[in-house]
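Okay, quick one from me today.

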Amino acid sequence: MSKAIKFSVALLANVIALSLSAHAAERWKIQFFYDKPEVTLAIQDLTCPSANHCIAAGAIEDKKGHSKGVVLWTSDAGKDWNLEDVNEEPISLFFLNDTAGWMVSIHGLWSTGDGGRTWKKSDAPKKGILESYFVSPQHGYLIGFPKAVYETNDAGKKWTKLAAAEQLSIPENTVFECISFLGQHGLIIGNGRSADETPVWMDPRRVRAHREHPSTLVVLETKDGGAKWDTYTSSFLGKLTQLVMTDQDYALALFEYLGYYTLPSRVYKAKFPTNMQPIFEERDRAVSDIALLPSGVAYLAAVEPPGGTNQVPIPGKLKILRSSNLKVWEEMDIDYRANAQRAFLAAPDDQHAWVATDTGMILTLDDTQAGSSKP
């Protein structure tokens, strides 16, 4: 072997070793944990518009079943988390920047101009809304059920039904759950739900007979910022619950299987309506969220279902997986106390990432392994 080849091999080995060492030093540590006797905090969404500013939203419930909505926010990268009560229980969050944001609640839409510290009720549809998305302070969308897509061009003073969605011949029980834009390219996606979605764990006798049935996948796509929408429908197994746009003319799409099925979830590299390439599926990893960094590195938030089934409503071990090529996935080091049924990722840049759980935890990706977790 020549000296040049030996040098190249040695250099490659050093690069790989340094890369593995850097990854080994990274660890997801608990930054916030709502650990109170006889009450629980279920975080429903998390967003981080910048490396310093993050907002989470959810509900606190006591042992008698009484609940109240809350929002958590930080302006110092999570060193301090502030918990504030809100008038209605949150469902989802969307922030355009550090200050301007919107929160969908069980009874409508709220807006903030100070980064989530205070909220004002908006004049918007009050029933069936699940997600909000604003491409600018003036231009935004609301999506939900039954087959609901609304648009505003005046900062929410007036909302109108999107004609492209209204004209579709789709099941009346269609639920639009995913919306994402990248520049002028946007996708709104809904699922035509099955009439029977009773969890298997509620009636074990149905296990052998119950199977995941195809549902109607409804896709609205625009390439000119919403001036014109193309529509597609197709039959697909599972329910599409998360969507991340990329600058490579494809999206990352998470499908979850809520019935008795061999898998709890599957992640696709998707170019709608027909080009769907699976990139992650594991029987013991129920994925609930996806994050894509500017560098192209992707994270998956998953749970190891207790008892080997995603139908049992018990928290399992939280798992975070990472890939730099969407082919090979590695599990990351994570605090052993972290468990959840669902988890939510937010990564504003390549150096900062957070994950929140429906068990009241917020973890951050730390490469120092220094410091202790905050209660």
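Strands here are DSSP runs of E, at least two residues long, numbered from the N terminus. In that pair, Lys 317 has Asn 339 of S26 as its bridge partner.

Before I go on: this is a predicted model, so local features need pLDDT of at least 70, side-chain atom pairs count only at pLDDT 80 or more, and totals for chains, interfaces and linings use all residues. Numbering starts from 1 along each chain as its sequence is written, and side-chain values use heavy atoms, with hydrogens and water left out.

Back to S24. Strand S23 (residues 298-304) is joined to S24 by seven bridges, also antiparallel, and Ala 298 sits opposite Ser 323. Then there's strand S25 (residues 330-331), antiparallel to S24 with two bridges; there, Leu 321 faces Glu 331. That hairpin has six residues between its strands, and Leu 326 takes a positive phi near 60°.

How buried is S24? Seven of its eight residues (316-323) are buried, so the rest of the structure largely encloses it. Buried means under 20% relative accessible area, exposed over 50%, partly exposed in between, with a 1.4 Å probe and protein chains only.

Most non-glycine residues have a negative phi, and most peptide bonds are trans. Ala 155, though, has a positive phi of about 65°, and at 38% relative accessibility it's partly exposed. And the Phe 145 to Pro 146 bond is cis, omega near -10°.

How values were computed:
Helices (H or I, at least four residues) and strands (E, at least two) are DSSP runs, numbered from the N terminus. Two strands pair if DSSP finds at least two bridges between them.
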